[in-house]
Amino acid sequence: MVEVAMFDVVKEVIIDTLSCASEKVTMEANLFEDLGADSLDAVELSLAVEEKTGITIDEDAMAEIKTVADIVNYLEAHK
């Protein structure tokens, strides 16, 4: 299943970037409310995801991303 693999990649990047517990990183998790990200973390996260996947998340799209699922869905749509 492709989505699971993409989720696993995103989850790994989120854990590394935000230093949060792996069990907190679910598809429904809000990056800011649940995982404690701030705007700087969001930029670091987008860069780390881009480096790991080779897929660029444009700034307008990043502004709309609120949950882990948003990142996974964006990456799936743009790979």
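Is lysine 79 buried or exposed? Lysine 79 is exposed, at a relative accessible area of 57%; buried means under 20% relative accessible area, exposed over 50% and partly exposed in between, with a 1.4 Å probe and protein chains only.

The model is predicted, so local features need pLDDT of at least 70 and side-chain atom pairs count only at pLDDT 80 or more, while totals for chains, interfaces and linings use all residues. Residues are numbered from 1 along each chain as its sequence is written, and side-chain values use heavy atoms, with hydrogens and water left out.

**Salt bridges**

A salt bridge is a side-chain nitrogen of Lys or Arg within 4 Å of a carboxyl oxygen of Asp or Glu. By this rule there are 2 salt bridges.

Glutamate 12 lies in helix α1 (residues 2–18) and lysine 52 in helix α2 (residues 39–53), 40 residues apart, and the pair links distant parts of the chain. Helices are DSSP runs (H or I, at least four residues), numbered from the N terminus.

**Negative patch**

Asp58, Glu59, Asp60 and Glu64 form a patch of negative charge on the surface. Such a patch joins like charges within 9 Å, from residues with over 30% relative accessible area and no salt bridge. Glutamate 64 belongs to helix α3 (residues 59–64) and is exposed, at 61%.

Definitions and conventions. Helices (H or I, at least four residues) and strands (E, at least two) are DSSP runs, numbered from the N terminus. Patches are made of residues with over 30% relative accessible area and no salt bridge: like charges are joined within 9 Å, nonpolar side chains (Val, Leu, Ile, Met, Phe, Trp, Tyr) within 5 Å. Accessible areas come from the Shrake-Rupley method with a 1.4 Å probe; for residues, only the protein chains shown count as cover. Lys and Arg count as positive and Asp and Glu as negative; His and the chain ends are not counted. The place of a charge is taken as NZ of Lys, CZ of Arg, CG of Asp or CD of Glu.
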